[in-house]
Amino acid sequence: MCFDPTAIPPAIPDGVTSGISDVESYDLILGEGDGRFRAFVSRAQSAVETAVVVLPDVRGLFEYYRQLTVRFASVGHHAVAIDYFGRTAGTGERGEDFDFMSHIGRTTPEQVQTDVAAAVDHLRSTLGARRVVTVGFCFGGSQSYLGTATPQLAIDGAVAFYGGLDGTRLGVFPSPEDRAADMSGPILALFGGADPSITPEMIDRFDAALSRHGVDHEFVTYPGTPHSFFDRRHGEFVNECDDAWRRVLDFLATAG
């Protein structure tokens, strides 16, 4: 189960970063022609060199991911969260009853990476980022992996929270292990140990495939945590969320 519309990103733990930045956030339309799509940008007033493209779950861009960009920018990382459905659902706002699954089936990895490229360009050309890392969730986690196999993106690393490893479930992207030969690191993957959709066997196969092809990666599994554990409402997983934040921010500090 991915995030529901009331999910809230967990707070960044105290003492994890050296400073807090003021944040300017705004909606944006990126892309051209039939490839136009919605994005949400948070710009750090006191920015570091590494920026973030946030890749949402199957629901596309909603409030959780807007808030997540603000979290990143508050500690110095410019961030852009993208929506997947501009081509099929238009660029307007959508309600909680949006039938996202009828649109997710009409996406392709190539379209997603084209949109990631537009977000990367905005971060580099407009906001001056020198390095860009993708951070994806569920479906977006899978796309984060696949982005490292897309050389023209020139991203500097990829993070995936419970990124799907079985391409047959949705039928719209390949299983990441099948693209491991084309991937480049570093990759940080975070999994819930009680997530039935991503089994230890899947994780082991992907791990082995990346190792076989010399891809720099780190996998972390949190025992007893479900899919989409990275939610402030899940009070029983505070320690896991804090650890995940530390790992992600350390990754951003050293990527590239």
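Thr50 is buried, at a relative accessible area of 2% (buried means under 20% with a 1.4 Å probe, protein chains only). This is a predicted model, where local features need pLDDT of at least 70, side-chain atom pairs count only at pLDDT 80 or more, and totals for chains, interfaces and linings use all residues. Residues are numbered from 1 along each chain as its sequence is written, and side-chain values use heavy atoms, leaving out hydrogens and water.

**Around Thr50**
- Thr50 sits in strand E3 (strands are DSSP runs of at least two residues, helices of at least four, numbered from the N terminus).
- Skipping neighbours within four places in sequence, Thr50 is in contact with His77, Arg131, Val133 and Leu252 (contact means heavy atoms within 4.5 Å).
- A polar atom of the Thr50 side chain lies 3.2 Å from the backbone oxygen of Leu252.

**Strand E4 and its partners**
- E4 (residues 79-82) points Ala79 and Ala81 one way and Val80 and Ile82 the other, and all are buried.
- In a regular strand, side chains alternate between the two faces of the sheet.
- E2 (residues 37-44) pairs with E4 in the antiparallel sense over four bridges (pairing takes at least two DSSP bridges), and Val80 is the bridge partner of Val41.
- E3 (residues 50-55) pairs with E4 in the parallel sense over three bridges, with Val80 as the bridge partner of Val53.

**Cysteines**
- Searching the whole structure turns up zero disulfides (cysteine sulfur pairs within 2.5 Å).
- Cys138 counts as buried at 14% relative accessibility, and Cys241 is buried at 3% relative accessible area.

How values were computed:
Buried means under 20% relative accessible area, exposed over 50%, partly exposed in between (1.4 Å probe, protein chains only). A polar contact is a pair of N or O atoms within 3.5 Å; within protein, one must be able to donate a hydrogen and the other to accept it, and residues adjacent in sequence count only if both atoms are side-chain atoms.
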